[in-house]
Amino acid sequence: MSASVIYMDNNATTRVAPEVLDAMLPFFSERYGNPSSMHSFGGAVGKEMREARESLAGLLGCAPDEIIFTSCGTESDNTAIRSALTAQPEKRHIVTTRVEHPAVLSLCKFLERSQGYRVTYLGVDSEGRLDLQELEESLSDDTAIVSIMWANNETGVIFPIPEIAKLVKSRGIMMHTDAVQAVGKLDINLQELDVDMLSLSGHKLHAPKGIGALYVRRKLPYRPFLIGGHQEHGRRAGTENTTSIIALGAAARAAKAHLPIENTRVRALRDKLENGLLAVVPDSRLNGHKQDRLPNTSNISFKYIEGEAILLLLDQLGIAASSGSACTSGSLEPSHVLRAMGVPFTFAHGSIRFSLSRYTTEEEVDYVIKNVPPIIETLRKISPYKQGETEPLDPRKPACGC
Ligand SMILES: *Cc1c(COP(=O)(O)O)cnc(C)c1O
């Protein structure tokens with residue numbers, strides 16, 4: 001890790017793992033062939049790409065031909081939802097949640113406003129959990145697709161996707177999950193799941209930015225988003241991003257090897273950080289369910305102050321974290337996820353997300369535990385909110401700020 005930054009923003013993006021960088025570099029220089037070419041110079045790259053596909057399939061517990069490489073998690077999400085709608089033109093209803101990433105939420109809002117689809121946005125409770133009864137009641141013969149994220153990027157809260165998928169499939173409805181934050185952090189075995197489509201993104205699991213994948217169950221009706229050449233078996237046209245696909249394969253192998261570590265060492269560091277801060281800072285609270293949560297994520301609110309102010313002071317100390325979600329930071333809108341959970345206004349504004357990785361060290365955690373409390377104390381002295389003041393009502397409409 002670069003000595004100059006304590007990086008606790010791994011849900012925004014991750015460092016490319018050294019072994020991943022090593023695996024991809026030759027494909028920029030001496031091995032630049034096109035895998036579609038007839039010559040062996042290109043064909044050899046195709047072989048490496050097949051191995052990458054097998055590695056990713058190994059991490060997900062699916063068949064290699066069920067994976068389509070895309071340009072990012074956003075493309076995977078858009079492709080999955082649009083494919084379901086195009087393949088079943090008679091169905092006009094979508095079910096999703098209020099806490100999705102904008103890659104799903106903004107698309108659903110667009111489809112609702114401009115294309116006349118009906119969308120159900122399921123709510124969450126104060127700990128960020130779904131009500132499965134509400135989900136069941138929302139399903140109808142008109143429902144084309146249910147798209148529900150596996151783990152929330154802001155709070156780390158995990159939805160019970162195996163159970164949800166079973167329920168959705170029992171009604172014969174297509175099930176998609178945005179698993180961008182779950183892949184590499186949770187055990188996933190698609191063979192045992194009723195999930196039809198699953199999105200992931202390379203840069204959230206130590207591969208480069210600009211590569212993603214979409215799992216599509218064999219025999220599922222599928223309609224491509226990008227139409228052109230025959231790449232990805234005609235399911236996603238465009239010359240393959242060979243370097244990044246090979247990197248994603250290496251990242252999948254590394255993720256598989258590190259999964260048990262993520263679940264023990266990283267979780268212990270996260271718990272130390274979280275407990276250390278919550279115990280010392282008055283008027284602080286954890287956002288999201290304590291147990292049903294990614295092992296690397298901690299979203300903590302510090303009452304009466306702005307998350308952005310905390311971030312600036314953390315930045316001066318070389319600590320990189322985020323407030324709300326990366327897409328809403330820079331505006332003073334509280335996060336749509338925290339608002340869906342009903343987090344009180346004076347808490348929601350002072351939320352900070354710490355997200356750790358396999359590269360996080362105990363020294364880094366100790367440094368953060370030592371430096372955050374004085375920052376909070378300083379900011380509260382100059383806070384415009386009077387401490388102990390009654391909760392002001394948030395006049396703003398719930399809407400994603402992206
Ligand atoms: C980051 C993220 C995305 C978007 O992935 P990109 O590769 O950046 O497009 C989608 N969903 C979730 C949950 C994410 O965290």
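Begin at the largest cavity: domain 1 (6-12 + 259-387) and domain 2 (18-255) both give residues to its lining, so it lies between them. The domain bounds come from an automatic or database domain assignment. This is a predicted model, in which local features need pLDDT of at least 70 and side-chain atom pairs count only at pLDDT 80 or more, while totals for chains, interfaces and linings use all residues. Residues are numbered from 1 along each chain as its sequence is written, and side-chain values use heavy atoms, with hydrogens and water left out.

**Stop 1: the cavity**

Select Gly184, Lys185, Lys204, His206 and Glu262, which lie nearest the centre of the largest cavity among its 15 lining residues. A cavity here is a set of points, on a 1 Å grid over the protein atoms alone, where a 1.4 Å probe fits but cannot get out; lining residues have an atom within 4 Å of a point. The volume of the largest cavity is about 110 Å³, taken as the space filled by probe spheres set on the points, which are joined across faces, edges and corners.

**Stop 2: the two domains**

Now colour domain 1 and domain 2 separately. Their centres, taken over C-alpha atoms, are separated by 28 Å. Domain 1 gives 31 residues to the contact and domain 2 gives 33 residues, where contact means heavy atoms within 4.5 Å.

**Stop 3: the sheet of 7 strands**

Next, select the open sheet of 7 strands, whose order is β2-β8-β7-β6-β5-β3-β4 with mixed pairing. Strands (E, at least two residues) and helices (H or I, at least four) are DSSP runs, numbered from the N terminus, and two strands pair if DSSP finds at least two bridges between them. At the edges are β2 (67-70) and β4 (118-122), each pairing on one side only. Within the sheet, β7 (residues 197-201) and β8 (residues 212-216) run antiparallel, joined by 5 bridges. Click on methionine 197 and find its bridge partner in β8, valine 216. Axes are lines fitted to C-alpha atoms, for helices over the stretch in contact, and angles run from 0 to 180 degrees between N-to-C directions.

**Stop 4: the sheet of 3 strands**

Finally, show the open sheet of 3 strands, in the order β9-β10-β12, with antiparallel pairing. Its edge strands are β9 (284-286) and β12 (351-355). Look for threonine 297, which stands opposite serine 355 in β12. Helix α9 (residues 307-316) lies across β10 and β12, running at about 45° to β12.

Terms used: 1 Å grid on protein atoms, 1.4 Å probe; cavity = no way out; pocket = protein on both sides within 12 Å on 5 of 7 lines; lining within 4 Å.
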